[in-house]
Amino acid sequence: MFRNQYDTDVTVWSPEGRLLQVEYAMESVKQGSACVGLRSNTHVVLGALKRSVSELSSHQKKVLEIDDHIAMGIAGLTADARSLAKYMRTECLNHKYVYGAPITPAVLMSDLADKHQRTTQTYVRRPFGVGLLVAGMDPQRGSPHLYQTCPSGNLYEFYASAIGARSQSARTYLEKHYETFAESDKDDLIVHALQALVGCVSGDDELTKENGSIAIVGKDQNYTLLEGDALQPYLDRLEVKNAEEKDDDEEKEDEPEAMET
C-alpha cells in the first residue's frame, strides 16, 4: 500500500468510498501470526501460533482468558488486544455483579463490535489493529459459539475460521472438513485445529509445543489452556494420523501398478 491525500485521517472518505485508515488496520491483522477456531455441538476450540522476537525471548501470548466460559484468540497488534481483553473482562464482571449471572457471548460481542466501530467514526482515535476470534458458551442455552471481529467493526459468527498470516491454507482445510466438526469430540477438534495450524507455519519451522497454543471452552468445561507438555500428546496424535494417511495414499498409488502387471 502507498500513502495518498485521503489516508491522513480515519474520518476522510476517498473518492472510491473507502476509509483507508481502516483498511490499513485490517492489513495489520493479515500480518499477525495465525489463529484458528472451530466448534462442535458441545465445545469450541481456539488454536494459535505464538511468535518470539528472538531466540532469547519467550513467546507472546496469543490466547487470552476473558471469563470461565469465554476465550479470545488474536491476530495483529498484541497491545491492542490486551486493551480489548481488559474491556471485555470488565464487562463480564459488571454483568455478573448486576445480574448475578454470566454474560452471554452474543451480548458481549455486540458491545465489542460497537467499540470497534466507534473508532472508525471519530478522529481522536485510531482503529484497533487486531482481529479477534472469540469462543464462548451460552450459559443459558448451553450452546457453543465462535465469533470473529475485525477493525472495521464487522462481527461474524462461524462454524470454523482462521485469521492472520498464511491463514488461507487453514481456511481451505477447515472448509474441507467443517461438516464433520459438529459430532466431533473435544480431542478430535484439537487435532483438527493443530492440523489447520500446520499449514500456517512459516518457512522451515514446525508446529511444536513451544510455538503452539490451544484453548477450549465447552459444555460442563470451563476455560482450559493447553501449552507446553500438556499439548505434546495431541501433537503426537497428529503425527501418527498424518503418517497413517501417508501410508494409505502410497498403497492406493501402488494398487493400479499391481493390476497392470
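**View 1. The whole protein.** For 261 residues, a compact globule would have a radius of gyration near 18 Å, and the protein's 20 Å agrees with that (taken over C-alpha atoms, with the globule rule being 2.2 Å times the number of residues to the power 0.38). This is a predicted model, where local features need pLDDT of at least 70, side-chain atom pairs count only at pLDDT 80 or more, and totals for chains, interfaces and linings use all residues. Residues are numbered from 1 along each chain as its sequence is written, and side-chain values use heavy atoms, leaving out hydrogens and water.

**View 2. Glu227 meets Lys50.** Here's one of the eight salt bridges (a side-chain nitrogen of Lys or Arg within 4 Å of a carboxyl oxygen of Asp or Glu). The closest N and O atoms of Glu227 and Lys50 sit 3.3 Å apart. Glu227 is in the loop between strand 10 (221-226) and helix 6 (232-260), and Lys50 in the loop between strand 2 (43-49) and strand 3 (63-67), so the pair ties together parts 177 residues apart in sequence (helices, H or I, at least four residues, and strands, E, at least two, are DSSP runs numbered from the N terminus). Lys50 is buried, at 13% relative accessible area, while Glu227 is partly exposed at 31% (buried is under 20%, exposed over 50%, partly exposed in between, with a 1.4 Å probe and protein chains only).

**View 3. Asp80 meets Arg126.** In this salt bridge the closest N and O atoms are 2.9 Å apart. Asp80 is buried at 8%, whereas Arg126 is partly exposed at 47%.

**View 4. Asp229 meets Lys209.** This salt bridge has its closest N and O atoms 2.8 Å apart. Asp229 is exposed at 60%, and Lys209 partly exposed at 25%.
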